[in-house]
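Colleague: I have a model of a two-chain assembly open. Can we go through the contacts between the chains?

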Amino acid sequence: MRRNQVAVVGAAETTELGIIPNMSQIQLHADAALNAIADAGLKLSDIDGIATAVETPQQIAHYLGIKPTWVDGTSVGGCSFMLHVRHAAAAIEAGLCKTVLITHAESGKSMIGKLPRSTPPDSLNGQFESPFGVFGPPSMFPIPVLRYMKTHGITHEQIAMVAVVQREWAAKNPRATMKAPITVEDVLNSKMIAYPFRILQCCLVTDGGGALILTSADRAKDFPNKPVYILGTGESVETPMVSQMETFNSSRAFKTAGPLAFKEAGISHGDVDHLMIYDAFAHLPLFGLGDLGFMPHEETGKFIADGNTRPGGKLPLNTNGGGLSYMHSGMYGMYALQESVRQMRGIAPAQVKDAKISVCHGVGGMFAASGTIIFTNEK
Amino acid sequence: MAEPARAKPKPTPETQHFWDGTAAGELRLQRCDACAHVYFPPRPFCPSCASRKVSVFKASGKAKLYSYVINHRPAAPGFTPPYAIAVVELDEGPRMMSNILDCPQTPEALVLDMKLEVAFEKLDDKITLPQFRPAKG
């Protein structure tokens, strides 16, 4: 795919984030979509492509009253929206559609109109993981952590610092769920969830949604807000079973998607002004820094513990507060994308001064999938 | 009312040999006849070279502890927290999820790379789970 041929021209989250007991999941999709359409100054009838995950595209298209000629229902977990951006950019460039709406929403806390997630006993996960006591992401996602720590010499205190630093970013964000400062001691003394992880190393559980609108870059200047261009993209999947990852020392899906996006963008790591790495749990930024090639895995813990990713640091990371402190409705990738777009528009609550390139990296399932989008505000 | 039971696997045509094996006290893996790749979970072809000529064989049951969590909350039905959810690396190469029996469920007792051996836990007449315990000697 060629660089900067497609741009984000509309971006918005749901009007409220956090606990939203007066809206079903599908209405959260609509709330985010209508906000994004207003942000772009468009009408519903201008949308000719739609992509969403978990909920089907036909569900969202019909509810909103959209008549699409291009549809993507890729649903690979929380990074599905990174894949939607990649697919939409390719579709727009190929002339399959002109204006794509990507929506996410989840009634993750209030559980209103939320589709049940289940693991059939005759699926591979149902036969070879469920019987051993896994029960939701907190019991599965951290399984690689102890091996990663041993291999790369990472300490408990360094991983605790991921949560501490992201709380510093969240403190600058009025919409963040958790803003009170925390220390490494607070993290390491918080309630145990699944050793080695405690509750402050696990993502929040909230309600909310977000939506993006993409169109071709040559039309992008006609919109009310500063266009944010798609500079590079990557995607991959590995395995739905965390136990079957090739190694716990890195993520194959990360190592595939990330470098693909950097290569397509034609940039080096030193060009990156702003970085988002989907943090469902506190180890993910370490995996991301290593697998995207910013540094060897051995250095990731120290890099964060030394303050390089905190406000004022040389590599601002998860500047909305992340899944750990901002919000996490179940599929956080959309919120990471929203923060990258805000940073590129120059309107983020914790704005990185003069940021021109933002890398946004997502994970789906328990390292099952990955998508990377690189944005720029310069064409 | 009975306590909620732990999730029980339901075999498929492709995995039946594995569950027949555990019921008979054997840990069964598959090896590709063409390229000798040993793999898990079960499937009737080689995920390395795509050959359909594969054989089932009895594994040694020897393994080492690759990684784990000690789950506190929420606990899965049929489990009393805290309990370890482990991934073990079999001597033959493949890894699998399991639990560690006859061992305190603590970070001090559960040491990465410790030697393990397979144990079998019968759930009912059809299903026996492969579990692991610290290797003797």
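Colleague: How many salt bridges are there between chain B and chain A?
Modeller: This is a predicted model, so side-chain atom pairs count only at pLDDT 80 or more. One pair that qualifies is A:Lys150 with B:Asp113, 2.7 Å from N to O. The count between the two chains is two.

Colleague: Which strand gives the most residues to the side of chain B that touches chain A?
Modeller: Across the interface, 20 residue pairs are in polar contact. On chain B, helix H1 (16–23) and strands S4 (62–71), S5 (83–90), S6 (95–98) and S8 (128–134) each supply at least two residues to the side that touches chain A. The top contributor there, with seven residues, is S4(B).

Colleague: What class of residue has 27 members on that side of chain B?
Modeller: The side of chain B that touches chain A has eight polar residues and six charged ones. The class with 27 is nonpolar.

Colleague: Which residue stands opposite B:Ile70?
Modeller: S4(B) pairs with strand S5 of chain A, residues 192–195. The pairing is antiparallel, over two bridges. Opposite B:Ile70 in S4(B) stands A:Tyr195.

Colleague: How much area do chain B and chain A bury between them?
Modeller: In contact are 41 residues of chain B and 36 residues of chain A. B:Tyr66, B:Arg73 and B:Met97 lose the most area on the chain B side, together 21% of what that side buries. Carbon and sulfur atoms carry 63% of the total between the chains, which is about 3100 Å².

Terms used:
Residues are numbered from 1 along each chain as its sequence is written. Chains are lettered from A and ligands numbered from 1 in the order in which they are written. This is a predicted model: local features need pLDDT of at least 70, side-chain atom pairs count only at pLDDT 80 or more; totals for chains, interfaces and linings use all residues. Side-chain values use heavy atoms; hydrogens and water are left out. Contact means heavy atoms within 4.5 Å. Buried area is the accessible area (1.4 Å probe) that two parts lose on being put together, summed over both. A salt bridge is a side-chain nitrogen of Lys or Arg within 4 Å of a carboxyl oxygen of Asp or Glu. A polar contact is a pair of N or O atoms within 3.5 Å; within protein, one must be able to donate a hydrogen and the other to accept it, and residues adjacent in sequence count only if both atoms are side-chain atoms. Helices (H or I, at least four residues) and strands (E, at least two) are DSSP runs, numbered from the N terminus. Ala, Val, Leu, Ile, Met, Phe, Trp, Tyr, Cys and Pro count as nonpolar, Asp, Glu, Lys and Arg as charged, and the others, Gly among them, as polar. Two strands pair if DSSP finds at least two bridges between them.
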